[in-house]
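Here is a short report on one protein chain. It moves from the overall fold to single residues.

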Amino acid sequence: MERWLHEELKPFNLVRVELVNRHERKVSSDCLVSYHVHRYSVPHRYVGHTLK
């Protein structure tokens, strides 16, 4: 700790920001999840599951 004193470090802003929108999607039999106009691949073990 003493070696950091000469660096004159300043604390950073600790404002909590939460920008999360959760959407449920069901994984299709071809291991894809669609979101808006895009399709994303997921591991095959999630086929048939609803992901959040």
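How many helices and strands are there in the protein chain? There are 1 helix and 4 strands. Helices (H or I, at least four residues) and strands (E, at least two) are DSSP runs, numbered from the N terminus. The order along the sequence is α-β-β-β-β.

The model is predicted: local features need pLDDT of at least 70, side-chain atom pairs count only at pLDDT 80 or more, and totals for chains, interfaces and linings use all residues. Residues are numbered from 1 along each chain as its sequence is written, and side-chain values use heavy atoms, with hydrogens and water left out.

**Overall dimensions**

The protein chain has a radius of gyration of 21 Å, whereas a compact globule of 52 residues would have one near 10 Å. That radius is taken over C-alpha atoms, and the globule rule is 2.2 Å times the number of residues to the power 0.38. The C-alpha trace spans about 60 × 20 × 20 Å along its principal axes.

Accessible surface comes to about 5,600 Å². Carbon and sulfur atoms hold 54% of that surface. The areas come from the Shrake-Rupley method with a 1.4 Å probe; for residues, only the protein chains shown count as cover. Of the 52 residues, 6% are buried. Buried means under 20% relative accessible area, exposed over 50%, and partly exposed in between (1.4 Å probe, protein chains only).

Now the contacts, meaning heavy atoms within 4.5 Å. Among those between residues at least 6 apart in sequence, 25% join residues at least 24 apart.

**The hairpin**

Strand 2 (residues 32-35) pairs with strand 3 (residues 38-41). The sense is antiparallel, over 4 bridges. Two strands pair if DSSP finds at least two bridges between them. V33 has Y40 in strand 3 as its bridge partner. Y35 stands opposite H38 in strand 3.

There are 2 residues between the strands of this hairpin. H36 lies in that loop, between strand 2 and strand 3. H36 is exposed, at 64% relative accessible area. C31 sits in another stretch, the loop between strand 1 (25-26) and strand 2.

**D30 and the salt bridge**

Which residue forms a salt bridge with D30? The partner is R39, with the closest N and O atoms 3.3 Å apart. A salt bridge is a side-chain nitrogen of Lys or Arg within 4 Å of a carboxyl oxygen of Asp or Glu. The structure holds 1 salt bridge. D30 counts as partly exposed, at 44% relative accessibility.

**R25 in strand 1**

R25 belongs to strand 1. R25 counts as partly exposed because its relative accessibility is 28%. Leaving aside neighbours within four places in sequence, R25 is in contact with V33, S34, Y35, H49, T50 and L51. The side chain of R25 reaches the backbone oxygen of S34 at 2.9 Å. A polar contact is a pair of N or O atoms within 3.5 Å; within protein, one must be able to donate a hydrogen and the other to accept it, and residues adjacent in sequence count only if both atoms are side-chain atoms. R25 and H49 are 24 residues apart in sequence. In space, their C-alpha atoms are 8.4 Å apart.
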